[in-house]
Amino acid sequence: MLRPSVILVVDDDDNIRQNIEFILGKGGMKPVLASSGEEALQRLRTTAVDLVLLDVQMPGMGGMEALRLMRERHPDVGVIMLSVLKDIAVAVEAMHGGALDYVTKDFSPPELIARVRKTLVQLRAGRELERLHDVEAKHVGRPMLAGNSPRMRPSVQVAEKIAAKPVTVLITGESGTGKEVLARYIHARSDRKNGPFVAVNVPGVPAGLVESELFGHERGAFTGADRQKLGKFELATGGTLFLDEIGDLALELQSKILRALQEHEIERVGGEKPIQLDLRVICATNRDLGKRVQEGKFREDLYWRLKVVPIDLPPLRERREDIADLARHFLALNAAEHGGAPQTLSDGALRLLERYRWPGNIRELENVMARMAVICDSPIIEESDLPYDFALGADAELAVPSDGQNLEAAMLAFETSFLRKALKKNAWNKKATASRLGIGYSTLKAKLKAYGIVAGDDRDDEE
């Protein structure tokens, strides 16, 4: 359950303070009272406040001086000025000083509640945009799609060509290929780069809340809608809206997305007036939308509306030339995050990375490098440091029989390679290796003798 908004009411008139306290309480808010500017500043130091209702005319520290200090010391707290006078000059001065609204004291209870709620919505939207800017800065600070493989180069070239053009983009590719990173890359090179980048993972939103999440809702639109909410389309105003996994969007909502793209306007759930849009839309999917159209699961008109500029991202297994650069990039990121010099990869480790199939694509590579940065103490990550299942996957990829090679020979070659990796990972300690592999010590020694595997240091292992 959301906590009630905390409103600090600052007025030297006891009756007015108590009247406003009653109105705000009835409106579901939590009022906190102060009788002077000095007391209000003390309250702000000890109480988490969302909004201040501040009287302009007070003895001692006046409202304008209190406003200046509040904006200086507590810039995240919104302020509405209160006055008995309808003085345009004072109102203008207050707004220039950082106040969000100016209300005269002849207000009615519904009017005051409406003005306070509107300002709270404005504050929440501003905080959300700041958060989104922080996320964007973190992601775009990462170099986009390191490497220059023949399969990847055309995708990046198309992205660079259309970045500055106001066209809808459809990015396709397997999960983990970097679709959102490419979308941020396009946004960062567009004329909307100073606006927000708002990302929505469509399957991640509960089915019953998708419409409200995308288009927002008015207060009272449905049970539990106790306040107005801005949707992602509105939050992306002036910037880019990224709809990830658009292929999973329910059929009944696809028509509303189509209307938003065609008419450049939306309506909030429970709303009556259209809201004009000023944003760019980039969509992504790991599904075959053409096939879903044929199956009746995706609107054909929306499909063509989205596919103005299609960009396909290849899986990592089709751009092996880029794996080394990407791996080094992720190691450098982890070093910067945790402090210290970046680790490097041995030639053997790099060969193993390049042979692996990468079913999770770039996301899997990023996770593996993060794991190595944490668990590998050496400045050089060796082949033996990589997980056993990783070695198995790479060897399985390479286990294509050559001419005249039978199954027994292929299995022998695999087992020899696997045992060497296991021994190296355990510093050539045979007993530790046997325990890790789940076989007897004598069995391991027999296999090493049969395969002619000799340790770098062939001293007898100690307990």
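This is a predicted model: local features need pLDDT of at least 70, side-chain atom pairs count only at pLDDT 80 or more; totals for chains, interfaces and linings use all residues.
The chain comprises 19 helices and 14 strands. Of its 463 residues, 45% are buried. Among contacts with a sequence separation of 6 or more, 71% link residues 24 or more positions apart. The chain exposes about 23,800 Å², of which carbon and sulfur atoms supply 51%.

In soluble globular proteins, nonpolar side chains tend to be buried together. In the present model, the largest nonpolar core contains 33 residues, and the members that touch the most others are Leu214, Phe233, Leu241, Leu243, Ile246, Ile257 and Phe298. At least two residues of this core come from each of the helices α8 (210-215), α9 (232-235), α10 (251-263), α11 (289-294) and α12 (300-306), and likewise from each of the strands β7 (197-201), β8 (240-244) and β11 (280-285). Helix α10 gives the most, with five residues. The surroundings of leucine 214 illustrate the packing in this region: beyond residues up to four places away in sequence, leucine 214 touches Val200, Gly231, Lys232, Phe233, Leu243 and Ile257. Another core, of 26 residues, lies apart from the largest one, and Met61, Met70, Met81 and Ala99 are among its members.

The buried residues of α7 are Lys179, Leu182, Ala183, Arg184, Tyr185, Ile186, His187 and Ala188.

The loop between β6 (169-172) and α7 holds threonine 177. With a relative accessible area of 1%, threonine 177 is buried. A polar atom of the threonine 177 side chain lies 2.7 Å from the backbone oxygen of glutamate 174.

Histidine 74 occupies the loop between α3 (63-73) and β4 (78-83). Its relative accessibility of 15% places histidine 74 in the buried class, for which the limit is under 20%. Apart from neighbours within four places in sequence, histidine 74 is in contact with Leu44, Arg45 and Leu69.

Glutamate 39 belongs to helix α2 (residues 37-46) and, at 30% relative accessibility, counts as partly exposed. A polar atom of the glutamate 39 side chain lies 2.9 Å from the backbone nitrogen of serine 35. When neighbours within four places in sequence are set aside, glutamate 39 is in contact with Leu33 and Ala34. The C-alpha atoms of glutamate 39 and valine 10 are 8.5 Å apart in space, with a separation of 29 residues in sequence.

Key:
Residues are numbered from 1 along each chain as its sequence is written. Side-chain values use heavy atoms; hydrogens and water are left out. Helices (H or I, at least four residues) and strands (E, at least two) are DSSP runs, numbered from the N terminus. Buried means under 20% relative accessible area, exposed over 50%, partly exposed in between (1.4 Å probe, protein chains only). Contact means heavy atoms within 4.5 Å. A polar contact is a pair of N or O atoms within 3.5 Å; within protein, one must be able to donate a hydrogen and the other to accept it, and residues adjacent in sequence count only if both atoms are side-chain atoms. A nonpolar core is a set of buried Ala, Val, Leu, Ile, Met, Phe, Trp, Tyr and Cys residues joined through side-chain atoms within 4.5 Å. Accessible areas come from the Shrake-Rupley method with a 1.4 Å probe; for residues, only the protein chains shown count as cover.
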